[in-house]
Amino acid sequence: MKTPPGQQAAIIWKHATIASIYAMILKTITIICLTLIFGCHQPASKVDNVFIVPADSMLLPKMTGNQPPPPPVKEYYFPSNFIIDPGGHIYFYQQRIKSGWLCGTGMEWNTPPSFIDLQPKDIVEVPAENLEDFIKFNIQYLDNSDRQFAVASVTDTIASSGLAKIFLVFGDKANHISWTFRRTTQEENVVLQYKKSKEKDYHSDEIKWDSTKTLFPPNMENINFTPPKIGKE
């Protein structure tokens, strides 16, 4: 018995509708999967220039029992360091040495950042409109192995168009830059406050430091700062 033409058309339409629904579901799943995959390679969550400091940049609890061995000593300060304040303003300072000088000291892997004798005069504010040129001008004098930057945010979540520009330059493989995105250290926060206040002289020996947040190593003479280049010579 043949199916009437009208009923055949209804069956065809029904199957086409079901196929369309499945195609739409498959497309949605594909988009979600791609979003998750590519999102894993982003340095931080970003929506309209809002960034979230990665959780793995924080100090973690000490491991006990039969757990896997801990990772190497965490590095905080790099040869070049940016600080982003809550208003999205960009600050910068450099140091002559890498934080690798901690290696071999017997310190715990999650030891707090060492005191580096940072001074307000060592920190300069960088206008957001000049960020790209500022970074490129400074790295041209550095070997590829020294093009290491730490980007530190005063808060866990930060809105900054300047930070978006920094990550854009860092993402250009031609610049050969390695970097990390973390929270600011206690010392950076304290010194930046003095830098911005411009009212009181800074004396580190007058600060009530929290020993759980700042480590004072016995040997301090190897730490020296160098001012960044801010224009063509």
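Biologist: How many residues of helix α3 are buried?

Modeller: This is a predicted model. In it, α3 is mostly covered, with seven of its 10 residues buried. They are Gly162, Leu163, Ala164, Ile166, Phe167, Val169 and Phe170.

Biologist: Take Phe167. Why does Phe167 count as buried?

Modeller: Buried means under 20% relative accessible area. Phe167 has 9% relative accessibility, so it counts as buried. Phe167 lies in α3, residues 161-170.

Biologist: What caps the N-terminal end of α3?

Modeller: Ser160 does. A side-chain oxygen of Ser160 lies 3.3 Å from the backbone nitrogen of Gly162.

Biologist: Now the core. Which residues of the largest nonpolar core touch the most other members?

Modeller: In soluble globular proteins, nonpolar side chains tend to be buried together. Here the largest nonpolar core has 22 residues, and Phe82, Ile135, Leu163, Ile166 and Phe170 touch the most other members. Two or more residues come from each of β3, β4, α2, β6 and α3. The largest share, six residues, is from α3.

Biologist: What is Ile135 in contact with, beyond its neighbours within four places in sequence?

Modeller: Phe82, Phe149, Ile166, Val169, Phe170 and Ile177. Apart from this core lies another, of 17 residues, among them Tyr77, Tyr91, Val191 and Tyr194.

Biologist: Ile135 sits in α2. Which residues of α2 are buried?

Modeller: In α2, residues 131-139, the buried ones are Leu131, Phe134, Ile135, Phe137, Asn138 and Ile139. Their cover includes β3, β4, β5, β6 and α3.

Biologist: On to the sheet. In what order do the five strands stand?

Modeller: General idea: strands of a sheet pair through backbone hydrogen bonds, either parallel or antiparallel. This open sheet runs β5-β4-β3-β6-β8, and its pairing is mixed. β5 and β8 stand at the edges, each with a single partner strand, so one side of each has no neighbour in the sheet. Neighbouring strands are turned by 25° against each other on average, direction ignored.

Biologist: How many bridges join β3 to β6, and which way do these strands run?

Modeller: Five bridges join them, and β3 and β6 run parallel. Ile83 stands opposite Ala152 in β6. Helix α4, residues 186-197, packs on the sheet and touches β3, β4, β6 and β8. The direction of α4 makes about 115° with that of β4.

Biologist: What of the antiparallel pairs?

Modeller: β3 and β4 run antiparallel, joined by five bridges. Ser80 has Gln94 of β4 as its bridge partner. The β3-β4 hairpin has five residues between the strands, and there Gly88 takes a positive phi near 85°. β4 and β5 also run antiparallel, with three bridges. Ile90 stands opposite Val126 in β5.

Biologist: Why is β4 described as largely enclosed?

Modeller: Five of its five residues are buried, so the rest of the structure largely encloses β4. Check both faces. Ile90, Phe92 and Gln94 are buried on one side, and Tyr91 and Tyr93 on the other.

Biologist: Charged side chains next. Is Asp85 buried or exposed?

Modeller: Asp85 counts as buried, because its relative accessibility is 2%. Asp85 is found in the loop between β3 and β4.

Biologist: Which side chain does Asp85 join in a polar contact?

Modeller: That of Lys196, at 2.9 Å. Leaving aside neighbours within four places in sequence, Asp85 is in contact with Tyr91, Val154, Ile158, Leu192 and Lys196.

Biologist: Zoom out. How many helices and strands does the protein have?

Modeller: Four helices and eight strands. Along the sequence they follow α-β-β-β-β-β-α-β-β-α-β-α. Of the 233 residues, 35% count as buried. The accessible surface comes to about 14900 Å², and carbon and sulfur atoms hold 58% of it.

Biologist: And contacts along the chain?

Modeller: Take contacts between residues at least 6 apart in sequence. Of these, 78% join residues at least 24 apart.

Conventions:
Residues are numbered from 1 along each chain as its sequence is written. This is a predicted model: local features need pLDDT of at least 70, side-chain atom pairs count only at pLDDT 80 or more; totals for chains, interfaces and linings use all residues. Side-chain values use heavy atoms; hydrogens and water are left out. Buried means under 20% relative accessible area, exposed over 50%, partly exposed in between (1.4 Å probe, protein chains only). Contact means heavy atoms within 4.5 Å. Accessible areas come from the Shrake-Rupley method with a 1.4 Å probe; for residues, only the protein chains shown count as cover. A polar contact is a pair of N or O atoms within 3.5 Å; within protein, one must be able to donate a hydrogen and the other to accept it, and residues adjacent in sequence count only if both atoms are side-chain atoms. Two strands pair if DSSP finds at least two bridges between them. A nonpolar core is a set of buried Ala, Val, Leu, Ile, Met, Phe, Trp, Tyr and Cys residues joined through side-chain atoms within 4.5 Å. Axes are lines fitted to C-alpha atoms, for helices over the stretch in contact, and angles run from 0 to 180 degrees between N-to-C directions.
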